Amino acid sequence: MKGILLVDKPAGMTSHDVVDRIRRAARMRRVGHTGTLDPAATGLLILCLGPATRLSEHFTAKSKVYEGTMRLGVVTDSYDLDGAVVAEHPVPPLDRDAIQAACDAFTGTIQQVPPMVSAVKVGGERLYKKARKGQTIEREPRTVNVSAFDVLSYTPPDAAVRITCSSGTYVRSLCHDAGQALGCGAALASLRRLAVGQHRVEHALPIDALDSPEAVEAHLLAMGDALDLPAAILGESGRAALAHGNPVSARDLLEGCPVPQGWVQMKDREGELLALGIVESRGMDSWIHPKRVFIAGAP
């Protein structure tokens, strides 16, 4: 069994819990997810089964879309309502536009300090483990991109927000930082992931619907349909070169090389994914160097 599975994660389960459920349902061990959702969060979790686990980095790097609730007037150590409350403040008179102005300051390419309660590793140890020991340490800010941090509505003390952001962005930190800018503090009260790259939660299934190998297999996306990378279609000579682990010239493609550089999918004329490769231009020719090969028996 191989392919991509879109699961609508319920609240209360860890992302690893979801992986374990699918392993038992599919009766196979080689299952992985492509981007953690906190236990309280719901929404789209992309799982890779079998050889498709080698595609995971291409999903992890995709931008994400979330909707959630930001509660004003409360500050917690985890930046969400699962953490311990460290401060409470009265919420001043605010309207949606005032909150939006605060959120706008955290859009674009920004430097973001990850929360102390997070999976980021510092000195070989995850921050949440240090936090459990009562430690608080300096964290290096990381560059992230937030293309949208929109306030959808405001019913005091809760603001409904929608966020589109790059991989590695902590929505909890965005809410915390916006709350600090408003002077009253804020914490993430709820979160739902709507999209990862081209994939949307409307196409995901609840975990309870995936309870047997047949149910899992029936809902797998083919590896060749799951990525939004450009595709190079290999002819017979290109496929033969790939099967021996050799680079493939643009002259061995049926429709030419789709890009001058970067990652491409290498497919046969029926659309089956044979490999992922990186295009390199040499003079007037282009070559695709295979990096993830899915042809049985290929080196």
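1. Secondary structure. Helices (H or I, at least four residues) and strands (E, at least two) are DSSP runs, numbered from the N terminus. By that assignment, Glu 125 belongs to strand S9, residues 125-126.

2. Basis of the note. The model is a predicted one, in which local features need pLDDT of at least 70 and side-chain atom pairs count only at pLDDT 80 or more, while totals for chains, interfaces and linings use all residues. Residues are numbered from 1 along each chain as its sequence is written, and side-chain values use heavy atoms, with hydrogens and water left out.

3. Glu 125. Contact is taken as heavy atoms within 4.5 Å. Not counting residues up to four places away in sequence, Glu 125 touches Val 120, Lys 130 and Lys 133. A polar contact is a pair of N or O atoms within 3.5 Å; within protein, one must be able to donate a hydrogen and the other to accept it, and residues adjacent in sequence count only if both atoms are side-chain atoms. The side chain of Glu 125 forms such a contact with the side chain of Lys 130 at 3.3 Å, and another, of 2.6 Å, with the side chain of Lys 133.

4. Largest pocket. Grid points are joined across faces, edges and corners, and a volume is the space filled by probe spheres set on the points. The largest pocket holds about 1,100 Å³ of space. Its lining numbers 37 residues, of which Thr 36, Asp 38, Ala 119, Tyr 170 and Arg 172 are the closest to the centre. Two or more lining residues come from each of helix H1 (15-26), strand S4 (64-72), helix H4 (127-132), helix H5 (171-182) and strand S12 (186-196).

5. For the classes, Ala, Val, Leu, Ile, Met, Phe, Trp, Tyr, Cys and Pro count as nonpolar, Asp, Glu, Lys and Arg as charged, and the others, Gly among them, as polar. The lining of the largest pocket has 13 nonpolar, 14 polar and ten charged residues.

6. Cavity. The structure has one cavity of 30 Å³ or more.

7. Arg 192. This residue lies in strand S12. Buried means under 20% relative accessible area, exposed over 50%, and partly exposed in between (1.4 Å probe, protein chains only). Arg 192 is therefore partly exposed, at 28% relative accessibility. Apart from its neighbours within four places in sequence, Arg 192 is in contact with Asp 8, Thr 42, Gly 43, Val 65, Tyr 66, Glu 67 and Val 201. Its side chain makes a polar contact of 3.1 Å with the side chain of Thr 42.

8. Two strands pair if DSSP finds at least two bridges between them. S16 and strand S19 (residues 285-293) run antiparallel and are joined by two bridges. Trp 287 in S19 is the bridge partner of Ser 249.

9. Pro 156 and Pro 157 are joined by a cis peptide bond, with omega about 5°; Pro 157 lies in the loop between strand S10 (142-155) and strand S11 (158-165). Arg 27, a residue other than glycine, has a positive phi near 60°. Arg 27 sits in the loop between H1 and strand S2 (31-33) and counts as exposed at 71% relative accessibility. Tyr 79 also is not a glycine and has a positive phi, of about 70°. Tyr 79 is in the loop between strand S5 (74-76) and S6 and, at 12% relative accessibility, counts as buried.

10. Asp 95. The loop between strand S6 (85-88) and helix H3 (96-104) contains Asp 95, which counts as partly exposed at 43% relative accessibility. Asp 95 and Ala 232 are 137 residues apart along the chain, and their C-alpha atoms are separated by 51 Å.

Notes: 1 Å grid on protein atoms, 1.4 Å probe; cavity = no way out; pocket = protein on both sides within 12 Å on 5 of 7 lines; lining within 4 Å.
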